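Biologist: I would like to know what stands behind the words used for this model. Please take them one at a time.

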Amino acid sequence: LMRFSREFELDSPDALEKLLSFAQSLMTGVSKLGLLSRSNSIRLGRSRKPASPLEMVCVEFLRGPSWPRCRLVLEGLRSASTRMFRPQVFSAALRAIQLVSTDEEMSFADAVVRTREEFRFRGRTLPRRAVGSTLLLKGLEAEISVILDATTMDARNLYVAMTRGSRSLSMFSKEPVLNPDP
């Protein structure tokens, strides 16, 4: 999200493409190339098939990019047969877009930083099953923790991974003895 906020420019000719790429990094079922192609075809009046609600939102974004339309594209993707695998990042992106929509002085990157800090202050809950890097799970606790291929981790990340489980820890490694790099 931070990288996206620094690279995304609403007035850029490839803004929709970057927005769809970001969405693809958060959910499955997003056809970036298909949506771009259909949206351009509809916008130019070359489409024979009627546009779906999501395609119409993308066309409106292409005609006049704005933060509210950016939000509509993301919300349209969420409701169109997709599956979200990074819901917290998605929520943070929507919140940042809402902030930048209401405060014209604020940059998108600043809105993302502010949103990130709000989310950190509130904390986050660990879902029943969570898969992620030690950075994503740092500060969270689960009953059971499973570490796959522990030999690839440095000492700091191994420590974080080992301290996530409150009742049980299972570690898998190709080597019988772990000797992590400091």
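Modeller: Ile 144 sits in strand E3, residues 142-147. Strands (E, at least two residues) and helices (H or I, at least four) are DSSP runs, numbered from the N terminus. This is a predicted model, in which local features need pLDDT of at least 70 and side-chain atom pairs count only at pLDDT 80 or more, while totals for chains, interfaces and linings use all residues. Residues are numbered from 1 along each chain as its sequence is written, and side-chain values use heavy atoms, with hydrogens and water left out.

Biologist: Why does Ile 144 count as exposed?

Modeller: Its relative accessibility is 56%. Exposed means over 50% relative accessible area, buried under 20%, and partly exposed in between (1.4 Å probe, protein chains only). Therefore Ile 144 counts as exposed.

Biologist: Which strand pairs with E3, and in what sense?

Modeller: Strand E4, residues 165-171, pairs with E3 in the parallel sense over 5 bridges. Two strands pair if DSSP finds at least two bridges between them. Ser 168 in E4 is the bridge partner of Ile 144.

Biologist: How many disulfides does the structure hold?

Modeller: It holds 0 disulfides. A disulfide is a pair of cysteine sulfur atoms within 2.5 Å. The cysteine sulfur closest to that of Cys 58 is in Cys 70, 10 Å away, so the two are too far apart for a bond. Cys 58 is buried, because its relative accessible area is 0%. Cys 70 is buried as well, with a value of 1%.

Biologist: What makes Glu 75 and Arg 71 a salt bridge?

Modeller: The term asks for a side-chain nitrogen of Lys or Arg within 4 Å of a carboxyl oxygen of Asp or Glu. For Glu 75 and Arg 71 the N to O distance is 3.1 Å, so the pair meets the definition. Both residues lie in helix H5 (residues 67-79), 4 residues apart, about one turn of the helix.

Biologist: Which parts of the chain does the salt bridge of Glu 118 and Arg 95 tie together?

Modeller: The closest N and O atoms of Glu 118 and Arg 95 are 3.3 Å apart.

Biologist: Is Glu 118 buried or partly exposed?

Modeller: Glu 118 is partly exposed, because its relative accessibility is 23%. Arg 95 is also partly exposed, at 26%.
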